[in-house]
Each structure stands twice: as C-alpha cells, then as structure tokens.
Amino acid sequence: MNEINLLEFDIQKIVNLAEEKAILFNNKGIKSNQIRNFYSAIDQMRITFRQHADKSGEGSKGFDKIKHDFIMLKPKLAYAAGRKKEIKQHFYPFMKAAIEGVEEADADKKDLAMKSYFSLIESVVGYHKYYGDK
C-alpha cells in the first residue's frame, strides 16, 4: 500500500506535506528548474483534465483523458533520477508515491485523487520557490 493516499488527505495536510518536502528538496540541493521541468508536463495535463473532469468529483472522465501522459510521468522521473543523485534519493520516491496514490484510487475516485495530486505538486513548486535555491 502506498504511503501517500491522496483521498485521505485534506487540503491542509496536502499543503503541509508540500511545504515539508519543498524545504527538504531545497536543503538537498534540488534546483527550482529541475522541479519546474517536471511541473511543466503536469501543468499541461491539468489543463486537459479540467476541460474533461466531472465537476461533482465522481467518475474519471478527466483522468481518462490524461491517463497515458500521467503514467508516462514515471519514466520521465526515472530519467531525471538517473541524471542527478539528489533527484533519485529525494524527489523521485516522493513523486512516485504520489503518482501511485492516484493509480491506487478506485476508478470512481480517480478525478478526486488527481485534483489532490495537482494541489500537492502546485504547492511543492510554490514552496520550493519561496524557500529558494540554496
């Protein structure tokens, strides 16, 4: 079972976790551009997701439209992890766990899990920028 169950996290827990991880990533030397490169792929998915997501939070219409690109985040992460040890040791395990948190959600809760995933990643990027590159 995955340690990041996005369906059990309320927005405050997501923001707190994001801040904690952003501080860690900064302390471990992960640069903003490394996170932004990953985030840009997610941001494009978010646009497509919002166009197709069921506004009630039920169903998986939004997830269905981005499923391929979402699953492809894992090899993109692996590539970045293979290039930089700090990504491999810290960013990769966290992001992989968050992706798996969405994958493990029941089909009728995928869109809700994706919304939490987007909030988590956006918060990490924001806090990482706030705490600045060291």
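Leaving out anything up to four places away in sequence, Arg 46 touches Tyr 39, Phe 118 and Glu 122. Keep in mind that this is a predicted model.

So where is Arg 46? You'll find Arg 46 in helix α2. Is Arg 46 buried or exposed? Its relative accessible area is 11%, and buried means under 20%, so Arg 46 counts as buried.

Now let's look at the helix around it. α2 has 21 residues, and from its first C-alpha to its last it reaches 30 Å, close to the 30 Å expected at 1.5 Å a residue. There is a bend, though: about 25°, at Tyr 39. That's one of the residues Arg 46 touches.

Which residues of α2 are buried? Among them are Ile 35, Phe 38, Tyr 39, Ile 42, Met 45, Arg 46 and Phe 49. Here's a handy thing to remember: an α-helix has 3.6 residues a turn, so residues three or four places apart point the same way. And what covers those buried residues of α2? The cover includes α1, α3, α4, α5 and α6.

Okay, zooming out to the core. The largest nonpolar core has 38 residues, and Phe 70, Phe 91, Met 114, Tyr 117 and Leu 120 have the most contacts inside it. The elements giving two or more residues to this core are α1, α2, α3, α4, α5 and α6.

Last one, Phe 70. Setting aside neighbours within four places in sequence, Phe 70 is in contact with Met 45, Phe 63, Ile 99, Val 102, Glu 103, Met 114 and Tyr 117. And Met 45 takes us back to α2, where Met 45 is buried.

Methods:
Residues are numbered from 1 along each chain as its sequence is written. This is a predicted model: local features need pLDDT of at least 70, side-chain atom pairs count only at pLDDT 80 or more; totals for chains, interfaces and linings use all residues. Side-chain values use heavy atoms; hydrogens and water are left out. A nonpolar core is a set of buried Ala, Val, Leu, Ile, Met, Phe, Trp, Tyr and Cys residues joined through side-chain atoms within 4.5 Å. Buried means under 20% relative accessible area, exposed over 50%, partly exposed in between (1.4 Å probe, protein chains only). Helices (H or I, at least four residues) and strands (E, at least two) are DSSP runs, numbered from the N terminus. Contact means heavy atoms within 4.5 Å. The expected span of a helix is 1.5 Å times one less than its number of residues. The bend at a residue is the angle between axes fitted to the seven residues ending there and the seven starting there.
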